[in-house]
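The following note sets out several points on the structure shown below.

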Amino acid sequence: MNKENIKAHKFGMVIDLDKCTGCGSCMVSCMSENNVPFKEDESNKKDSITWMRVYKLTNGKSFPDTEIAYLPRPCQHCGGKGDHGHSPCVSVCPATATDYGYDTGIVSQIYTRCFGCRYCMGACPYHARYFNWWDPEWPEGMEKYLSPNVSPRMRGVVEKCSFCYHRFQAARDKAYYDGRDDIEENEYQTACTTACPAGAIVFGDLNNPAHRVHEIVKPDPHPASNNPNVVGKSRNPNVFRLLERLGTNPKVYYLSEREWVRKAGDNYLEGEWDNIKNHHGSESHG
Amino acid sequence: MDSALIPEGAKRCSFPIFAVGIAIVGAVVLWGVYAMGLIWWKGLNQTNMNDYYGFALWIWADLAVIAVGGGAFFTGLLKYIFKVDELKNIINFAVIIGFICYSSALLILAIDIGQPLRGWFIFWHANVHSMLTEVAFCLSCYFAVLTIEFIPNILENRQANKVPFFHHLAHNMHGVMAVFAATGAFLSFFHQGSLGGVAGVMYGRPFAVREGLLIWPWTFFLFTWSAAAFGPCFTLLVTKITETITGKKLVKDNVVHLLSKISGWMIITYIIAKIIDTIYWATVTVPGLGFNISHFYSNNGFYGYWILVTEILICGVIPGLILIMKSTRENPTLRLVAIVLGVVGVCLNRWVMVLQIMAIPVLSFDTWALYVPSWQEVATTVLPVAYGIILIAVTYRYLPVFPQEKELNYVQPATETK
């Protein structure tokens, strides 16, 4: 492994669904931070832009056994099959308008290169990608509150969560200015992480054992024994990823002590869950 | 009025009747152009697409016209490379239909993208890993080939052919057409295939994803094979429609029977491969991802098993069987039923491989998403059909498209009596 690879980050987050109250602060802070435009009527969730979207899950049982969980869903920043960087969206974009950062693990979107074919949206099973069906507009006066660090997007292009990449750039610049090689954990935190009043979101470098996200997730860097496409599976029995079996290898993990919530993260054939639920990343790999 | 332009010996309706027909279809074109203008001016918010339906009616139309336009490359391959000489009597028409289909596909793509002025980015910033990049390159190149194949026929217009340069150019182009036919077949193999690959590589979408050979998912080969199989059905169908409207026989039965037979065997071999693919996908691929096949055909208001049965059995196996058996193939009614079913079948396959993929929930807590196109989408999808009708009408009227027309519609000159 060369020096570049040793220094490579792999930014990711873990969201504690038992702490999440569904308050929506993450959504609001995300929209505000990233200059996400909005419509007068946002009731149609299929054409409204919500980089961070909170889903409401239920266990399907009737009162008094009903349980609710809220699941915030940013872009999953997939590493793709085998975690080689060929995310479902990155590999299909015909104009290289979405790219995988091997030094950060972040899936970027180059708005000025996107020509709006929407193939990436079709390829993403998480519906994390949004198209600008309209010109971006803000109510009069609100333009003054736009962030100067994030470019607004024009009509006809796709956008999505960037893990607040501009914050990473700012942190990196500061570290460089200070004469440091790398950034500190608390120097780069996404807007949703800092806004969550319950502290349900933990963000950091999955490659750095000193980071909290690594401590919670304990990612297994080796391919899963039952699916070679899956890399980075959590060795924490309460941690899971959405649609992990597809081999998309998201860098967003979820944490819950409730079994039905963990089960909702993926699809299982009848009776399969009982065999799979205790299969976690190999303990043998530190 | 325009008799000097009409091929020698050919009988055509009077110009006013022709003009009225063109005007009626032209009105539909104008409707489509108006919708197209709205979309370019106001954006894709004029459609009913949304973030679940990034691909919708247009992409289906795109895939469908390219599939049915496959008759051009396959007939050209048979005629020029495999030397099936009888097909010279239908090749001009197959090329014109192909030209219409591919120009329509390019037009639809130009409407479909959110930033039309950046369309060239697909070539400039090409991502070699994307199937859509392969589609763009091969589609554009093949459209150029089709244009080259179309030119000699245009130059054979009665007036154009009087110009010695055009006459010799057309003659010489015919002489080297095998090179273009081979190029066209090569390009078609890749763009038809890569259109199939567009769906097959989406490994985040269990309904679409397929295993495959090297970088190509099985849908790559299935799309190429189905276009070659069902494309000739569309050529035959449009020929039949043209014969009905003009009230003339334009292609001899032996040519129709031959192309039907080839199409039939292609359909049968394709549908066997398709059935094997479906069984493998249903029993190995999707269970491995945690899904039962029933997940893809239930709990929604539209997509049921009926669509699978219709595509494979009713519009695949049945037309294939009709066309491979001599007795049924040579029965005009049954043959027409078969080619109509075949065209519907391949269009249905493209529908499923675009819209059903988008409709199906993948996240366990998500729901089905159904979609109804807006009038602007419908109008711009009808636009290429109307444009195609006009182009066929004009070429039929002014170009010697069907070499057997004169022979099949020979009218004994009236003998003068004293």
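**Points on the predicted model**

1. The crossing of α4(B) and α6(B) is left-handed. In this predicted model, helix α4 (residues 88–112) of chain B packs against helix α6 (residues 131–155) of chain B at an angle of about 140°. The axes of these two helices are 9 Å apart.

2. The residues that form this helix pair's contact may be listed by side. From α4(B) come Asn92(B), Val95(B), Ile96(B), Gly98(B), Phe99(B), Tyr102(B), Ser103(B), Ala105(B) and Leu106(B). They meet Leu139(B), Tyr142(B), Phe143(B), Leu146(B), Thr147(B), Glu149(B), Phe150(B) and Asn153(B) of α6(B). Classified by residue type, the contact of α4(B) with α6(B) comprises eleven nonpolar, five polar and one charged residues.

3. Between the chains, 45 residues of chain A are in contact with 40 residues of chain B. On the side of chain A that touches chain B, at least two residues each are supplied by β2 (53–58), α3 (88–92), α4 (119–123) and β6 (130–131) of chain A. The largest share, four residues, comes from α4(A). By class, this side of chain A has 26 nonpolar, ten polar and nine charged residues.

4. Most residues other than glycine have a negative phi, and most peptide bonds are trans. The peptide bond from Phe63(A) to Pro64(A), however, is cis, with omega near 10°. Pro64(A) is found in the loop between β2 and β3 (68–73) of chain A. His127(A), which is not a glycine, has a positive phi of about 55°. This histidine, His127(A), lies in the loop between α4 and β6 of chain A.

5. On confidence, chain A averages a pLDDT of 93, with 96% of the residues scoring at least 70. For chain B the average pLDDT is 94, and 98% of the residues score at least 70. Which stretch of chain A has pLDDT under 50? It is residues 1–5 of chain A, for which the model has one contact beyond four places in sequence. For the complex, the predictor gives an ipTM of 0.93 and a pTM of 0.93.

Methods:
Residues are numbered from 1 along each chain as its sequence is written. Chains are lettered from A and ligands numbered from 1 in the order in which they are written. This is a predicted model: local features need pLDDT of at least 70, side-chain atom pairs count only at pLDDT 80 or more; totals for chains, interfaces and linings use all residues. Axes are lines fitted to C-alpha atoms, for helices over the stretch in contact, and angles run from 0 to 180 degrees between N-to-C directions. A crossing is left-handed if the near helix is turned anticlockwise from the far one by less than a right angle, and right-handed if clockwise. Two residues are in contact if their C-beta atoms, placed from the backbone, lie within 7 Å. Ala, Val, Leu, Ile, Met, Phe, Trp, Tyr, Cys and Pro count as nonpolar, Asp, Glu, Lys and Arg as charged, and the others, Gly among them, as polar. pLDDT is the predictor's confidence in each residue, from 0 to 100.
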